[in-house]
Structure formats: C-alpha cells, structure tokens
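Dear colleague,

Please find below the structure that I am handing over to you, together with its sequence. My findings follow it.

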Amino acid sequence: MLFMVLSTPACQTADKSETNVAKKCPELEMAKVDAIVKKVVPEGSTVDIKESPVKGVFEIGVESKGQRGSIYLDCSGKYLMQLIPLDTYLAQLQAQQTPQKVDVSKIPLGDSITVGAKNAAKKVIVFTDPDCPYCRTLHESIKKVIARRPDIAFVEILYALPMHKDAPKKVQSILCSRSVKMLHDAFSGKITPEPPANCTADAMDRNAALARSLNFNSTPTMVRADGTVLAGFLPEDKLIEWIDKK
C-alpha cells in the first residue's frame, strides 16, 4: 500500500519541536499533524516533525506499540505519501521480476498426494489448502489439465493456512486416508469426514514446516520441474503453457 506506515524498529530522538517546520510550513502545526496521525495509526502518537530529503515534504515520526516509523505529508497536510529511495525501489522491482527458484530434489514428497498419473513425465508440486478459494479455482484447472494431458501430474502438498479454522481437520483426514477422491471432494466443498482416532497430525505438521522452510507463506504455490516457483492460480490453458515453458 502506498501510504503504509513503516513499522520496523528505528532509533530516533523524541522531539516535538516545531520551530524549523513552523518557519517553512506554518500550516503543518502539531495539532493538525496529531489529528492526521490518529486517523492513519489510531494507536500511534507523533514523535517529531522534520523536513524530508524531498523539498516540500515533511517526515512525521510515529510511535505505535513500541515501534517507530514514519509517514510523509506535504505542507498542506492533504497528501500522504511514502518515500522510497530509487535504488531500493529498483532492487525490489528486479526481485519481483526474477522468478524464485528452489531445488526440487530437496523437497520431500512423502506426505503428498498425486493427482494424475504417477508416472507422468511432467510433475508440478503444489502447496495448497482445501479451504483457500484460490486453491479451489486452481484445483478445477488441475482436473482439466490432467484430463487433456496424461503426461502431466500434480503432486499436492496440503498446507492448512492458520486463517482457515476448518482446514487442519480436513487436511489431516485427507493425508491419513491418502484418498484422491476425498481430496477432490474437499476442494469441491463437500463435507470431509473427521479424521479417525488413530490419525495423527504429524504429516500435516511436516508439510507446514516444509512450506515455512521454503518461505512459502501463501497458497496456492506451485513449483515446476526446473524449480521455478509461481504463487497463485492460472486458468487451464495458461497453466499448461507455464508447465511446458523451458
């Protein structure tokens, strides 16, 4: 978000002096700034006001819940903005444009379920959650792809996101049953049987730990055979195109 308050801890001197700012921008008085800060960060308080590196823009030091950061206002106090050094922005842009890659050989698949032919020439690893709406959309694409392309299979690693309160029990049941039908039913919204008494959450916990170790924080996340990572879903044709891409 463009006007996100920076929340990384920073050492700043607490100084509410308006002397320098008042000379250059009398409109940006402390009471007005405090009111703006309360709207943007309800539990925050103004620490200081000073000139930013950009002429006409002022840096407002904000403290909230023991953390300090900054927001930036123009002299009128009507425009809230974020300042990013050009070098930092370009580095972030480059990182976004460069696909993440992982070593597929180091991803254990013992707690996965394969959708499609197990001897398929092309396999895609999918970190997925049956209660994630985007995963359900992707799953529909997956079923269409394997119907068209017997040489493609999807190795699904079920990873229940914390925000989906019913997902852990579903994932646990599916992993204990190793049932592809139950997997399909769960993604189609059908009721998943409760895990049997002898079914532990060990496999689910291993999958969650694996996702964390790869820094996969969202579902669905796909990994192609060459290690290229794609977060999100694709429609059928685009998915095939991505899988076939070299």
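Predicted model: local features only at pLDDT ≥ 70, side-chain atom pairs only at ≥ 80, totals over all residues.

I begin with the backbone. R178 lies in the loop that separates α5 (167–177) from α6 (180–187). Although R178 is not a glycine, its phi is positive, at about 55 degrees. With a relative accessibility of 38%, R178 counts as partly exposed, because that class lies between the 20% limit for buried and the 50% limit for exposed.

The loop between α7 and β8 holds N215, another residue other than glycine with a positive phi, here near 65 degrees. N215 is exposed, its relative accessible area being 59%. P220 is also found in the loop between α7 (202–213) and β8 (221–223), and the peptide bond joining T219 and P220 is cis, with omega at about -5 degrees.

I turn now to a helix pair. Helix α4 (residues 133–148) packs against helix α8 (residues 236–244) at an angle of about 70 degrees, and their axes are 9 Å apart. That angle makes α4 roughly perpendicular to α8, since the class covers 65 to 115 degrees. The crossing of the two helices is right-handed. From α4, the residues L138, S141, I142, K144, V145 and R148 meet E236, D237, L239 and I240 of α8. The residues of this contact comprise 5 nonpolar, 4 charged and 1 polar.

Yours sincerely

Conventions: Residues numbered from 1 in each chain as written. Heavy atoms only, no water. Axes fitted to C-alpha atoms, helices over the stretch in contact; angles between N-to-C directions. Helix = DSSP H or I, 4+ residues; strand = E, 2+ residues; numbered from the N terminus. Parallel < 35°, antiparallel > 145°, perpendicular 65-115°, else oblique. Left-handed = near helix turned anticlockwise from the far one by under 90°. Contact = heavy atoms within 4.5 Å. Nonpolar A, V, L, I, M, F, W, Y, C, P; charged D, E, K, R; others polar. Buried < 20%, exposed > 50% of the residue type's maximum accessible area, 1.4 Å probe, protein only.
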